[in-house]
Structures are given as structure tokens and as C-alpha cells.
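Work through the exercises below with the sequence and the 3D structure in view. Each task is followed by a solution in steps.

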Amino acid sequence: MVLVHGNPETDAVWGPLVAELGRDDVVRLSPPGFGAPLPDGFGATVGEYRDWLVAELERFEAPVDLVGHDWGGGHVVNAAMARPDLLRSWATDVIGLFDPEYVWHQLAQVWLQPGAGEDLVDSMMGGTLAERTKRTVGLGITPEVAEGMAAGQGPEMGRAILALYRSATREVLDQFAETLPVAAKTPGLALSATEDHVVGSDAMRRRAAARAGAQFEELAGLGHWWMVQDPAKGAEVLTRFWASVASG
């Protein structure tokens with residue numbers, strides 16, 4: 001099983017879920033700039049992150065169960081469309097991004113603006129480890145996980161945030177929506193945390209999941225960081241999905 005996180009995170013965000021899963025075959029991949037170095041010449045665009053993930057998946061001897069959160073969930077769906085042969089299954093919590101009516105949330109709208117975006121990421125990524133940890137706890141993350149996330153934050157992550165969002169233009173989002181049915185080649189799961197208000201409406205999520213041929217699982221009462229808020233529920237839902245893939 002392979003986990004891919006998003007923004008502004010490191011693989012520490014998966015710690016509680018991994019503990020609940022109780023498996024010894026879990027691999028956590030960190031996208032460049034998000035807990036892993038940005039390679040020379042890596043532009044941190046949507047397409048480059050898709051290609052990075054595909055290259056990582058090619059290292060495995062057999063198709064994997066791939067799970068993505070936040071932008072990691074976007075990379076997962078893009079990889080599922082590009083190389084379904086590398087996957088046994090996929091799961092994402094941002095399927096709403098692939099609906100044609102989706103628009104970026106308020107924070108992302110600022111990142112898209114030259115000047116204002118730089119100012120915002122500087123304020124988010126700056127300060128001491130203790131200061132960044134405190135800000136991350138304020139997002140609803142437990143202190144232990146928040147410190148692990150904050151340790152990977154800094155100017156490099158800020159550059160990756162801006163490049164990634166600015167590469168995800170309206171044209172790119174429209175292409176997401178147009179090509180989404182390709183993801184149906186592999187069993188998929190759309191996780192829908194009901195209190196996550198940055199990944200599209202319930203209607204958007206359900207439409208996109210249907211177009212991707214994915215199962216739809218509602219995580220009632222949970223927010224964007226469901227894997228930290230209720231890791232036992234997340235583990236139960238994922239384990240049940242993987243069992244259905246094995247028996248199907």
C-alpha cells in the first residue's frame with residue numbers, strides 16, 4: 001500500500017492512520033518540496049508531480065493500492081488515468097477537484113495572485129519550528145503530527161505550493177474533468193469528509209465519483225485531516241474497500 005500526502009504537509013500526517021492499519025507493507029511517498037527535496041530543474045507543476053508519482057510506482061514489483069490526500073489525492077487520480085496498469089486500486093479525498101464546476105478555495109485564490117501569494121506563503125512557512133507547529137495545531141492537527149509537518153515546512157515548500165497551484169489553471173482543471181472517466185479502468189474509492197469545505201460540494205464529489213466509476217464513502221463529521229481526527233474510521237473504510245477489490 002502506498003500513501004501520498006499533500007499541502008502543506010509531510011508524511012507525518014499519515015502516522016495515526018498507519019498505526020491503525022497495523023500493516024507492515026505501507027510505503028509513504030513525499031512529493032518533491034513537501035517533505036522531500038526539490039530536484040534541480042523540477043518545476044513543481046501538476047504534470048511533473050504526476051510523472052514523479054508514476055516513476056515512483058514503476059519501482060514496485062506489482063500493482064499497488066494507492067491512497068492520496070489533498071494534492072496527493074490529485075496526483076493519485078492523475079496517475080490512475082495515466083498508468084492504470086501500475087495500480088490494483090486507488091483512493092482519493094479530493095475527487096471534487098475533478099468536477100467541471102469546481103473552483104479553487106479562498107486560500108488557493110490568494111496563492112494564485114503574484115505578490116499576495118508570495119506574502120502568504122512567507123507568513124505560513126516562516127518562523128521557528130515552534131511557531132510553525134503552533135500554526136499547524138490551529139488547523140486541527142494534533143501536536144505530535146503538527147510538529148512533524150512543521151519540520152518540513154520552509155521556503156522550499158513555499159515555492160512548491162505557488163508553482164503547483166499556479167500550474168493548475170482553469171484549462172488544467174477542465175482537462176481533469178474531461179479525462180476523469182479514464183480512472184474507471186481501475187477500482188477507485190472517493191472518500192468524502194463531510195466537514196472538508198475546500199474540495200467541492202457534496203454534489204460535485206458524487207458526480208465526479210460516478211464519472212470515475214469509484215465507490216463513494218462518506219466520512220460523517222470529519223474534516224480535511226480525517227486521517228488524524230479519526231484514524232480508526234479511515235483504516236476501517238480503506239480496509240473494507242481493499243477487501244472488496246480482492247473479492248471482486
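**Exercise 1. Aromatic pairs**

Task: Find how many aromatic pairs there are, and classify the pairs of Tyr49 with Phe34 and with Phe42.

Solution. Start with the rule: rings of Phe, Tyr and Trp (its six-membered ring) pair if their centres lie within 6.5 Å; planes under 30 degrees apart are stacked, over 60 edge-to-face, and the rest tilted. This rule gives eight aromatic pairs. For Phe34 and Tyr49 the ring centres are 6.2 Å apart and the planes stand at 55 degrees, so this pair is tilted. Helices (H or I, at least four residues) and strands (E, at least two) are DSSP runs, numbered from the N terminus. For Phe42 and Tyr49 the centres are 5.1 Å apart and the planes are at 80 degrees, so this pair is edge-to-face.

The model is predicted: local features need pLDDT of at least 70, side-chain atom pairs count only at pLDDT 80 or more, and totals for chains, interfaces and linings use all residues. Residues are numbered from 1 along each chain as its sequence is written, and side-chain values use heavy atoms, with hydrogens and water left out.

**Exercise 2. Burial**

Task: Decide whether Phe34, Tyr49 and Phe42 are buried or exposed.

Solution. Buried means under 20% relative accessible area, exposed over 50%, and partly exposed in between (1.4 Å probe, protein chains only). Phe34 has 3% relative accessibility and therefore counts as buried. Tyr49, at 0%, is buried. Phe42, at 18%, is also buried.

**Exercise 3. Contacts of Asp65**

Task: Locate Asp65 and list its side-chain polar contacts with Arg88 and Ser89.

Solution. Asp65 belongs to strand β3 (residues 64-68). Its relative accessibility is 8%, so Asp65 is buried. A polar contact is a pair of N or O atoms within 3.5 Å; within protein, one must be able to donate a hydrogen and the other to accept it, and residues adjacent in sequence count only if both atoms are side-chain atoms. The side chains of Asp65 and Arg88 make such a contact at 2.9 Å. The side chains of Asp65 and Ser89 make one at 2.6 Å.

**Exercise 4. The second largest pocket**

Task: Describe the volume and the lining of the second largest pocket.

Solution. On a 1 Å grid over the protein atoms alone, a pocket is an open set of points where a 1.4 Å probe fits, with protein on both sides within 12 Å along at least five of seven lines; lining residues have an atom within 4 Å of a point. A volume is the space filled by probe spheres set on the points, which are joined across faces, edges and corners. The second largest pocket has about 180 Å³. Its lining residues include Val46, Arg50, Met81 and Phe176. Helices α2, α3 (71-82) and α9 (170-179) each give two or more residues to this lining. The largest share, four residues, is from α9.
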